[in-house]
Amino acid sequence: MKPNRLNRMAVLVISTMSLAGMSIPANAQQQPQEEQKQLHKQPQQQEPSQKQSEQDQKRQQQQQRARQQAQEEQRQQQKQSQEQERLQRQSEQDQKRQQQQQQERARQQAQEEQRKQQKQSQQQERSQRQSEQRDERREREAEQQDRRISRQQQQQLIHQQQEEVKQYRRYLEQQESRAREQAEELRRQNRLAQYRYQEEYLEHLRQQQRRLRDERFDYDRDPYFYAAPIYRYRRGGRYYEINRYGANVLRQALHAGYAQGFRAGEADRRDRWRAAYRDSYAYRDASYGYRGYYISRSEYNYYFREGFRRGYEDGYDSRYRYGRYANDNYFMSDDILSQILNFESIR
């Protein structure tokens, strides 16, 4: 009985398996097709997404490179700007340093010029003091040696002097019109510096004229008219004798001539005019500083012109060959003055 049960169960199992085997092929055949479709469909869906991702990645890379490039350009611009600022600061510092150096050189040069001028002024003052001391010594010696001329000689000298003063007064009265003509000529020639100099010269002549008109001269008490000659000098092939008062006037004529000549020459140089001292009104007049006493006007004119010619050359050439500058005035050097006068003591 048991074997039969076992046989029936085996048949039942085989039947069931047969039924099951009949349904497997249908399901198995459908499932691979679906999977194949899904597998085929999945790459098609993934391909646009991958392309989009690659494009986004490229775009991001481009944007990043653009940002990096912009940042690099900004850094370069900042670097260039900083370099330009540095160069500008360096240039400003160099300019400032050059200006400071120039100012320092100018200051040193000015100090050097000032020292030279002080030294020159001191030398001139020392020379002038020595000259004044020599003059004072000569005057003291002359005072000790002074002797009186005779009364007749004194009266004759006074009479000559009075006539000389009258002639000089008439001469000064006639000079105004001549000076005006000369001034007009200078204006036409546009010689402004020379014109201004001549106007100053004429004003001084007017002052001389007023002093001469108002002066009351005491001939009897003036030592010139009783002091005997102590020097002799040579001019124009002749010898002349003179006392120390007349000698001082000749020295003054040379100094005045040199000073006026220097100013006239300097004026022509400023006007860019040719050197021509003889054309100057001051040279033709030659009476600047003349008081009308002690010596004749012709004598004063001669020595004034000797000084004027030398002063004109120095002024025109801007140098001091024949004279010096001291106390805001020009003076002929003592050596040149002595050579021109060449006084010889007669005592």
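Predicted model: local features only at pLDDT ≥ 70, side-chain atom pairs only at ≥ 80, totals over all residues.
Helix 2 makes the greatest contribution to the lining of the largest pocket, supplying six residues. The pocket has a volume of about 620 Å³, and of the 20 residues that line it, L157, Q160, Y224, E241 and Y294 are the closest to its centre. Helix 2 spans residues 151–188, and both this helix and strand 2 (238–242) supply at least two residues of the lining. Sorted by class, the lining of the largest pocket consists of eleven nonpolar, six polar and three charged residues.

Y294, one of the residues closest to the centre of the largest pocket, has a positive phi of about 80° although it is not a glycine. Y294 is placed in the loop between helix 5 (281–285) and helix 6 (297–317). With a relative accessible area of 15%, Y294 falls under the 20% limit and therefore counts as buried.

The protein chain as a whole contains seven helices and five strands. Their order from the N terminus is α-α-α-β-β-α-α-α-β-β-α-β. The protein chain has 347 residues, of which 31% count as buried.

A search of the whole structure returns three cavities of 30 Å³ or more. The largest cavity holds about 70 Å³ of space. Its lining is made up of L172, Q175, E176, A179, L202, L205, R206, Q209 and Y281. Helix 2 and helix 3 (192–214) are the elements that give two or more residues to this lining. By class, the lining of the largest cavity divides into five nonpolar, two polar and two charged residues.

R178 belongs to helix 2. The relative accessible area of R178 is 44%, and this residue is therefore partly exposed, lying between the limits of 20% and 50%.

Aromatic contacts were then considered. A pair of aromatic rings is described by the distance of the centres and the angle of the planes. The structure holds 21 aromatic pairs. In one of these, the ring centres of Y302 and Y303 lie 4.9 Å apart and the planes stand at 85°; the pair is edge-to-face because this angle is over 60 degrees. The two residues of the pair fall into separate accessibility classes: Y302 is partly exposed at 32% relative accessibility, whereas Y303 is buried with a relative accessible area of 1%.

One aromatic cluster is formed by Y277, Y283, Y290, Y300, F304, F308, Y312 and Y316. Y283, a member of this cluster, also takes part in a contact with a charged group: the charged end of R305 sits over the ring of Y283, at 5.6 Å from its centre. A further arrangement of this kind involves R232, which lies over the face of Y239 at 4.2 Å from the ring centre.

Helix 7 comprises residues 334–341, and D334, I336, L337, I340 and L341 in this helix are buried. Viewed down the helix axis, the buried residues of helix 7 fall within an arc of 165°, so they line one face of the helix. D335 and Q339 are exposed and are carried on the face turned away from the buried side.

Helix 7 is followed by N342, which lies in the loop between helix 7 and strand 5 (344–345). N342 is not a glycine, yet its phi is positive, at about 50°. With a relative accessible area of 48%, N342 is partly exposed. Positive phi values are thus found for N342 and for Y294; Y294 is buried, whereas N342 is partly exposed.

How values were computed
Residues numbered from 1 in each chain as written. Heavy atoms only, no water. Phe/Tyr/Trp six-rings, centres within 6.5 Å; stacked < 30°, edge-to-face > 60°. Buried < 20%, exposed > 50% of the residue type's maximum accessible area, 1.4 Å probe, protein only. Lys NZ or Arg CZ within 6 Å of the ring centre and 35° of its normal. 1 Å grid on protein atoms, 1.4 Å probe; cavity = no way out; pocket = protein on both sides within 12 Å on 5 of 7 lines; lining within 4 Å. Points joined across faces, edges and corners; volume = space filled by probe spheres on them. Helix = DSSP H or I, 4+ residues; strand = E, 2+ residues; numbered from the N terminus. Nonpolar A, V, L, I, M, F, W, Y, C, P; charged D, E, K, R; others polar. Arc of directions from axis to C-beta.
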